[in-house]
Amino acid sequence: MNYAKIKYCDVSNGPGVRTSLYVSGCRNHCKNCFNPETWDFDFGDLFTKEVEDKIIESLKPAYIKGFTLLGGDPFEPENAERLAPFMERLRKAYPEKSLWCFTGYDLERDLLTGKLGDMQTNLRILKTLDVLVDGRFVEELKDLNLRFRGSSNQRIILVRETLKKDEVVLWNEIDFV
């Protein structure tokens, strides 16, 4: 798996100061995507154990509130297979930090049904997350007033609560995970 970039002081992709990993590879090809270079699975650099270690080290300071995974798309099967053990390692190292993920896929329709990749691999990633922002970016629904998403069709989902209740539980600013 390749990654496009890592931001070690990101304040745009979740609450607080975060480390964010932008993976390479996405088949959604949303119109006017803000990262079209990440559609290519071969774009960027190889995601190695050394890169993992550097990300994990970057989360040590107390002022770093969490980690965000985006892209490209982390749930593309080629990416999910590599990311599942990394996300489990990250969650184990930092149970108190918030873990967010952005995907162009739909939680119920694509990730939990096996329609996209291996459902068990998807679940491994989902179980590490606090928040999932799902849904394709839709240019016609773009709204600059939305927090942590680009278009109004995208949902900010509290993953643990959703998996526990077996129904989608949405995040709101009061939750501030």
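The questions and answers below concern a predicted model and the terms used to describe it.

Q: What makes a local feature or a side-chain atom pair count in this model?
A: Local features need pLDDT of at least 70 and side-chain atom pairs count only at pLDDT 80 or more, while totals for chains, interfaces and linings use all residues. Residues are numbered from 1 along each chain as its sequence is written, and side-chain values use heavy atoms, with hydrogens and water left out.

Q: What is the strand order of the open sheet?
A: The order is β3-β1-β2-β4-β5-β6-β7, seven strands with mixed pairing. Strands here are DSSP runs of E with at least two residues, and helices are runs of H or I with at least four, numbered from the N terminus.

Q: Why is one side of β3 and of β7 left without a neighbour in the sheet?
A: β3 (45-46) and β7 (155-158) stand at the edges and each has a single partner strand, so one side of each has no neighbour in the sheet.

Q: How do you know that β1 and β2 pair?
A: Two strands pair if DSSP finds at least two bridges between them. Strand β1 (residues 2-10) and strand β2 (residues 17-23) have five bridges, in the antiparallel sense, and therefore meet that definition. The bridge partner of D10 in β2 is R18, and that of K5 is Y22. The two strands form a hairpin with six residues between them, and G14 in the turn has a positive phi of about 135°.

Q: What makes β1 and β3 a pair?
A: They have two bridges, in the antiparallel sense, and the definition asks for at least two. The bridge partner of N2 in β3 is L46.

Q: Why is S58 called buried?
A: Buried means under 20% relative accessible area, exposed means over 50%, and partly exposed lies in between (1.4 Å probe, protein chains only). S58 has 16% relative accessibility, so it counts as buried. S58 is found in helix α1.

Q: Which residues is S58 in contact with, leaving aside its neighbours within four places in sequence?
A: They are Y8, T19 and I64, where contact means heavy atoms within 4.5 Å.

Q: What makes the link between the side chains of S58 and T19 a polar contact?
A: A polar contact is a pair of N or O atoms within 3.5 Å; within protein, one must be able to donate a hydrogen and the other to accept it, and residues adjacent in sequence count only if both atoms are side-chain atoms. The S58 and T19 side chains make theirs at 2.9 Å, so the distance is within the limit. The side chain of S58 also reaches the backbone oxygen of I55 at 2.6 Å.

Q: How many disulfides does a search of the whole structure find?
A: The search finds zero. A disulfide is a pair of cysteine sulfur atoms within 2.5 Å. For C26, the nearest cysteine sulfur, that of C30, is 6.2 Å away, so C26 is in no disulfide. The sulfur of C101 is 12 Å from the closest cysteine sulfur, in C26, which is too far for a bond.

Q: Why do C26 and C101 count as buried?
A: C26 has 8% relative accessibility and therefore counts as buried. C101 has 0% and counts as buried too.
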